[in-house]
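Please consult the sequence and the model while reading.

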Amino acid sequence: MPFNPNIYHRRSIRLKGYDYSQPGLYFLTLCCQNRECLLGKIEDHQMILNEAGNMVQQWYNELPHKFQNIRCHEMVVMPNHFHCIIEIIGERLPGKDSVENDLVENDLIGFDLVGGDLVGVDLRVDPSTANQERIDSAGADLQANPIAANQYRSPPICPPPVGIQVVMQWFKIMTTNSYIQGVKNCGWTRFKDKFWQRDYFEHIIRNERSYHRIAEYIMNNPGSWEDDRLR
(Lines give C-alpha, C1' and ligand atoms only; values in the text may rest on other atoms or scores of the structure.)
Protein backbone atom coordinates (compact mmCIF):
# COMPACT_ATOMS: atom_id res chain seq x y z
CA MET A 1 0.00 0.00 0.00
CA PRO A 2 1.54 3.36 -1.02
CA PHE A 3 2.43 5.70 1.83
CA ASN A 4 -0.19 8.42 2.24
CA PRO A 5 0.68 11.38 4.52
CA ASN A 6 -2.91 12.60 4.46
CA ILE A 7 -4.32 9.85 6.67
CA TYR A 8 -3.14 11.72 9.75
CA HIS A 9 -6.15 13.93 10.45
CA ARG A 10 -5.52 17.06 12.51
CA ARG A 11 -7.69 15.80 15.37
CA SER A 12 -5.69 12.61 15.81
CA ILE A 13 -2.14 13.37 14.68
CA ARG A 14 -0.79 13.34 18.24
CA LEU A 15 -0.35 9.89 19.79
CA LYS A 16 -1.95 10.07 23.21
CA GLY A 17 0.59 9.66 26.00
CA TYR A 18 3.60 9.68 23.66
CA ASP A 19 6.62 11.76 24.71
CA TYR A 20 7.64 13.74 21.62
CA SER A 21 10.90 14.82 23.24
CA GLN A 22 12.25 11.28 23.46
CA PRO A 23 14.84 10.00 20.95
CA GLY A 24 13.47 8.80 17.65
CA LEU A 25 12.68 9.65 14.03
CA TYR A 26 9.69 11.76 13.05
CA PHE A 27 8.12 12.37 9.64
CA LEU A 28 6.74 15.92 9.52
CA THR A 29 4.70 17.89 7.00
CA LEU A 30 3.92 21.60 6.94
CA CYS A 31 1.44 23.13 4.49
CA CYS A 32 1.23 26.74 3.37
CA GLN A 33 -1.96 28.49 4.47
CA ASN A 34 -4.79 27.62 2.06
CA ARG A 35 -2.21 25.47 0.24
CA GLU A 36 -1.02 28.44 -1.78
CA CYS A 37 1.95 27.68 -4.02
CA LEU A 38 4.40 30.16 -2.50
CA LEU A 39 7.60 28.13 -2.59
CA GLY A 40 8.19 27.37 -6.27
CA LYS A 41 6.81 25.19 -9.04
CA ILE A 42 7.08 21.74 -10.59
CA GLU A 43 8.56 21.47 -14.09
CA ASP A 44 9.25 18.14 -15.81
CA HIS A 45 8.71 16.34 -12.50
CA GLN A 46 11.38 18.46 -10.82
CA MET A 47 10.88 20.99 -8.03
CA ILE A 48 12.07 24.47 -9.03
CA LEU A 49 12.55 26.47 -5.84
CA ASN A 50 11.92 30.19 -5.81
CA GLU A 51 13.60 32.50 -3.31
CA ALA A 52 11.03 31.63 -0.64
CA GLY A 53 11.57 27.91 -1.22
CA ASN A 54 15.32 28.34 -0.85
CA MET A 55 14.71 30.28 2.36
CA VAL A 56 12.64 27.42 3.83
CA GLN A 57 15.32 24.90 2.88
CA GLN A 58 18.07 26.95 4.47
CA TRP A 59 16.17 27.38 7.73
CA TYR A 60 15.71 23.59 7.85
CA ASN A 61 19.47 23.20 7.57
CA GLU A 62 19.85 25.56 10.54
CA LEU A 63 17.93 23.34 12.96
CA PRO A 64 21.01 21.37 14.18
CA HIS A 65 22.79 24.68 14.85
CA LYS A 66 19.91 25.83 17.04
CA PHE A 67 19.10 22.56 18.81
CA GLN A 68 21.89 20.27 19.94
CA ASN A 69 19.72 17.13 20.00
CA ILE A 70 18.34 17.47 16.45
CA ARG A 71 19.56 15.75 13.30
CA CYS A 72 18.05 16.57 9.90
CA HIS A 73 17.42 13.78 7.42
CA GLU A 74 15.60 13.69 4.06
CA MET A 75 13.53 16.73 3.16
CA VAL A 76 11.75 18.26 0.19
CA VAL A 77 10.25 21.69 -0.38
CA MET A 78 7.16 21.43 -2.57
CA PRO A 79 5.21 24.34 -4.14
CA ASN A 80 2.79 24.51 -1.21
CA HIS A 81 4.12 22.19 1.47
CA PHE A 82 7.25 20.83 3.10
CA HIS A 83 8.20 17.27 4.11
CA CYS A 84 11.11 16.26 6.33
CA ILE A 85 12.42 13.59 8.67
CA ILE A 86 13.84 14.90 11.93
CA GLU A 87 15.71 12.77 14.42
CA ILE A 88 15.89 13.48 18.15
CA ILE A 89 19.05 12.05 19.69
CA GLY A 90 20.36 11.74 23.23
CA GLU A 91 18.32 11.65 26.40
CA ARG A 92 15.44 13.78 27.59
CA LEU A 93 16.66 16.02 30.41
CA PRO A 94 14.58 17.20 33.39
CA GLY A 95 13.35 20.78 33.58
CA LYS A 96 13.19 21.22 29.81
CA ASP A 97 9.76 22.88 29.68
CA SER A 98 10.91 26.29 30.90
CA VAL A 99 13.92 26.11 28.58
CA GLU A 100 11.65 25.34 25.61
CA ASN A 101 9.44 28.32 26.40
CA ASP A 102 12.46 30.63 26.63
CA LEU A 103 13.85 29.40 23.30
CA VAL A 104 10.62 30.11 21.45
CA GLU A 105 9.74 33.37 23.19
CA ASN A 106 13.20 34.81 22.49
CA ASP A 107 12.62 34.31 18.75
CA LEU A 108 8.95 35.34 18.73
CA ILE A 109 9.22 38.73 17.06
CA GLY A 110 6.32 40.44 15.31
CA PHE A 111 3.68 37.80 16.06
CA ASP A 112 0.75 37.22 18.38
CA LEU A 113 -0.11 33.88 19.92
CA VAL A 114 -3.82 33.24 19.48
CA GLY A 115 -5.05 29.98 20.93
CA GLY A 116 -1.49 28.66 20.92
CA ASP A 117 -1.05 29.42 17.23
CA LEU A 118 1.08 31.97 15.40
CA VAL A 119 -0.80 34.78 13.70
CA GLY A 120 1.20 37.03 11.38
CA VAL A 121 0.52 40.36 9.75
CA ASP A 122 -2.30 40.46 7.19
CA LEU A 123 -0.34 41.29 4.04
CA ARG A 124 -3.35 41.76 1.78
CA VAL A 125 -3.45 45.49 2.45
CA ASP A 126 -0.98 48.22 3.27
CA PRO A 127 -0.16 47.80 6.97
CA SER A 128 -1.14 50.37 9.55
CA THR A 129 1.56 52.18 11.50
CA ALA A 130 1.28 49.59 14.25
CA ASN A 131 1.56 46.71 11.83
CA GLN A 132 4.46 48.39 10.06
CA GLU A 133 6.36 48.47 13.33
CA ARG A 134 5.65 44.76 13.76
CA ILE A 135 6.89 43.99 10.25
CA ASP A 136 10.03 46.07 10.78
CA SER A 137 10.77 44.21 14.00
CA ALA A 138 10.08 40.78 12.48
CA GLY A 139 13.36 39.02 11.83
CA ALA A 140 15.32 41.92 13.31
CA ASP A 141 18.39 39.68 13.32
CA LEU A 142 18.20 39.27 9.55
CA GLN A 143 19.93 41.31 6.91
CA ALA A 144 17.93 43.56 4.57
CA ASN A 145 18.26 41.00 1.78
CA PRO A 146 16.15 37.96 2.84
CA ILE A 147 18.06 35.58 0.59
CA ALA A 148 21.58 36.45 1.75
CA ALA A 149 23.53 33.25 2.38
CA ASN A 150 24.41 34.02 6.00
CA GLN A 151 21.04 35.51 6.87
CA TYR A 152 19.57 32.27 8.10
CA ARG A 153 22.23 31.47 10.66
CA SER A 154 20.66 31.55 14.11
CA PRO A 155 22.61 32.90 17.12
CA PRO A 156 24.99 30.26 18.56
CA ILE A 157 23.21 28.41 21.33
CA CYS A 158 23.58 25.07 23.05
CA PRO A 159 20.28 24.40 24.82
CA PRO A 160 19.19 21.24 26.60
CA PRO A 161 17.25 18.73 24.46
CA VAL A 162 13.86 19.89 23.26
CA GLY A 163 10.88 18.18 21.65
CA ILE A 164 9.45 18.21 18.15
CA GLN A 165 6.73 20.72 19.02
CA VAL A 166 9.25 23.40 20.02
CA VAL A 167 11.48 22.66 17.01
CA MET A 168 8.57 23.06 14.61
CA GLN A 169 7.27 26.18 16.32
CA TRP A 170 10.72 27.80 16.06
CA PHE A 171 10.97 26.75 12.39
CA LYS A 172 7.58 28.31 11.65
CA ILE A 173 8.54 31.53 13.40
CA MET A 174 11.84 31.97 11.58
CA THR A 175 10.51 31.08 8.12
CA THR A 176 7.49 33.36 8.58
CA ASN A 177 9.72 36.22 9.73
CA SER A 178 11.93 35.75 6.67
CA TYR A 179 8.94 35.53 4.32
CA ILE A 180 7.55 38.81 5.67
CA GLN A 181 10.91 40.43 4.98
CA GLY A 182 10.79 38.98 1.46
CA VAL A 183 7.35 40.49 0.88
CA LYS A 184 8.51 43.84 2.15
CA ASN A 185 11.91 44.04 0.45
CA CYS A 186 11.72 41.76 -2.59
CA GLY A 187 8.10 41.71 -3.68
CA TRP A 188 7.34 38.11 -2.74
CA THR A 189 3.69 37.05 -3.04
CA ARG A 190 1.66 38.31 -0.09
CA PHE A 191 -0.07 35.76 2.11
CA LYS A 192 -3.36 36.02 3.98
CA ASP A 193 -3.16 35.97 7.79
CA LYS A 194 -0.55 33.23 8.12
CA PHE A 195 2.30 31.76 6.07
CA TRP A 196 1.84 28.21 7.36
CA GLN A 197 -1.35 26.37 8.20
CA ARG A 198 -2.15 25.81 11.84
CA ASP A 199 -0.39 22.76 13.31
CA TYR A 200 1.45 20.16 11.21
CA PHE A 201 1.22 16.51 10.22
CA GLU A 202 3.33 14.22 12.37
CA HIS A 203 4.19 10.52 12.17
CA ILE A 204 6.47 8.49 14.44
CA ILE A 205 8.87 6.31 12.44
CA ARG A 206 9.10 3.05 14.35
CA ASN A 207 11.50 0.89 12.33
CA GLU A 208 14.08 0.91 9.54
CA ARG A 209 11.65 -0.38 6.93
CA SER A 210 9.27 2.49 7.65
CA TYR A 211 12.14 4.98 7.53
CA HIS A 212 13.25 3.86 4.05
CA ARG A 213 9.67 3.86 2.76
CA ILE A 214 9.03 7.41 3.96
CA ALA A 215 12.44 8.67 2.82
CA GLU A 216 11.71 7.31 -0.66
CA TYR A 217 8.31 8.99 -0.64
CA ILE A 218 9.93 12.33 0.24
CA MET A 219 12.59 12.12 -2.45
CA ASN A 220 10.06 11.08 -5.12
CA ASN A 221 7.42 13.62 -4.13
CA PRO A 222 8.11 16.11 -6.97
CA GLY A 223 7.61 13.36 -9.52
CA SER A 224 4.14 12.58 -8.19
CA TRP A 225 2.93 16.18 -7.98
CA GLU A 226 0.03 15.64 -10.38
CA ASP A 227 -1.44 13.05 -8.00
CA ASP A 228 -0.43 14.78 -4.77
CA ARG A 229 -3.43 15.21 -2.48
CA LEU A 230 -1.76 18.23 -0.84
CA ARG A 231 -1.99 20.25 -4.09
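Aspartate 199 is partly exposed because its relative accessibility is 22%, where partly exposed lies between buried (under 20% relative accessible area) and exposed (over 50%), with a 1.4 Å probe and protein chains only. The model is predicted: local features need pLDDT of at least 70 and side-chain atom pairs pLDDT 80 or more, while totals for chains, interfaces and linings use all residues. Residues are numbered from 1 along each chain as its sequence is written, and side-chain values use heavy atoms, without hydrogens or water.

Aspartate 199 sits in the loop between helix 4 and strand 8 (201-205); helices (H or I, at least four residues) and strands (E, at least two) are DSSP runs numbered from the N terminus. Most residues other than glycine have a negative phi.

| Residue | Phi | Relative accessible area |
|---|---|---|
| Arginine 35 | about 55° | 30% |
| Aspartate 199 | near 65° | 22% |

Arginine 35 belongs to the loop between strand 1 and strand 2. Glutamine 33 lies in the loop between strand 1 (24-31) and strand 2 (40-43) and is buried, because its relative accessibility is 16%. Residues touched by glutamine 33 include Lys192, Phe195, Trp196 and Arg198, leaving aside those up to four places away in sequence; contact means heavy atoms within 4.5 Å.

Helix 1 (residues 51-66) packs against helix 4 (residues 164-186) at about 145°, with axes 10 Å apart. Axes are lines fitted to C-alpha atoms over the stretch in contact, and angles run from 0 to 180 degrees between N-to-C directions. Among the contacting residues are Trp59 of helix 1 and Trp170 of helix 4.
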